[in-house]
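Q: Can we go through this one together? I'd like to start with the overall picture and then look at a few residues.

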Amino acid sequence: MSAVSACCVCGGTGAVKTFTCGVCRGTGYIPEANVPTVVCPECGGKGDSQGNPDLSCLRCRGQGVVAANSPR
Ligand SMILES: [Zn+2]
Ligand SMILES: [Zn+2]
């Protein structure tokens, strides 16, 4: 038996975004008073902290799927 179901934690991608840029709070842009919009210098507008890519989902261990009959 190899019944599997998509991991509900990561949505089947196998990765979860744990780190978010603390400068722009993940928006990628910083609201400025004098200028319309400033791209966040910390993350370059991505909203993620540099060097902190998506982590492997702990529930499915990056597989994106979990055993459908796994015990809780
Ligand atoms: Zn940022
Ligand atoms: Zn997962």
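**Contacts, fold and some residues**

A: This is a predicted model. In the protein chain, taking contacts between residues at least 6 apart in sequence, 58% join residues at least 24 apart.

Q: How many helices and strands does the protein chain have?

A: The protein chain has six strands and zero helices. Read from the N terminus on, its elements go β-β-β-β-β-β.

Q: And what percentage of the residues is buried?

A: Of the 72 residues in the protein chain, 10% are buried.

Q: OK, on to E42. Where is it?

A: E42 sits in the loop between strand 4 (37-39) and strand 5 (55-56).

Q: Why does E42 count as partly exposed?

A: Because E42 has 17 other C-beta atoms within 10 Å. A residue needs 20 or more to be buried and 12 or fewer to be exposed, so a count in between gives partly exposed.

Q: Which residues does E42 touch, leaving aside its neighbours within four places in sequence?

A: E42 is in contact with C21, V23 and C24. For V23, which is 19 residues apart from E42 along the chain, the C-alpha atoms are separated by 6.7 Å.

Q: What about G22, where is that?

A: G22 is in the loop between strand 2 (15-16) and strand 3 (29-31). G22 is exposed, because it has 10 other C-beta atoms within 10 Å.

Q: How far is G22 from G47, C-alpha to C-alpha?

A: The C-alpha atoms of G22 and G47 are separated by 8.5 Å, and the two residues are 25 apart along the chain.

Q: Change of topic: what is the phi of R61?

A: R61 has a positive phi of about 55°, although R61 is not a glycine. Most residues other than glycine have a negative phi.

Q: Where is R61, and is it buried or exposed?

A: R61 is in the loop between strand 5 and strand 6 (65-67). R61 is exposed, since 11 other C-beta atoms lie within 10 Å.

Q: Last one, V65. Which strand is it in?

A: V65 is in strand 6. V65 counts as partly exposed because it has 15 C-beta neighbours inside 10 Å.

Q: Which residues is V65 in contact with, again leaving aside those within four places in sequence?

A: V65 is in contact with V4, S5, A6, C7, G12 and C60. As for A3, it is 62 residues apart from V65 in sequence and 9.7 Å apart in space, C-alpha to C-alpha.

Note on methods: Residues are numbered from 1 along each chain as its sequence is written. Chains are lettered from A and ligands numbered from 1 in the order in which they are written. This is a predicted model: local features need pLDDT of at least 70, side-chain atom pairs count only at pLDDT 80 or more; totals for chains, interfaces and linings use all residues. Helices (H or I, at least four residues) and strands (E, at least two) are DSSP runs, numbered from the N terminus. Two residues are in contact if their C-beta atoms, placed from the backbone, lie within 7 Å.
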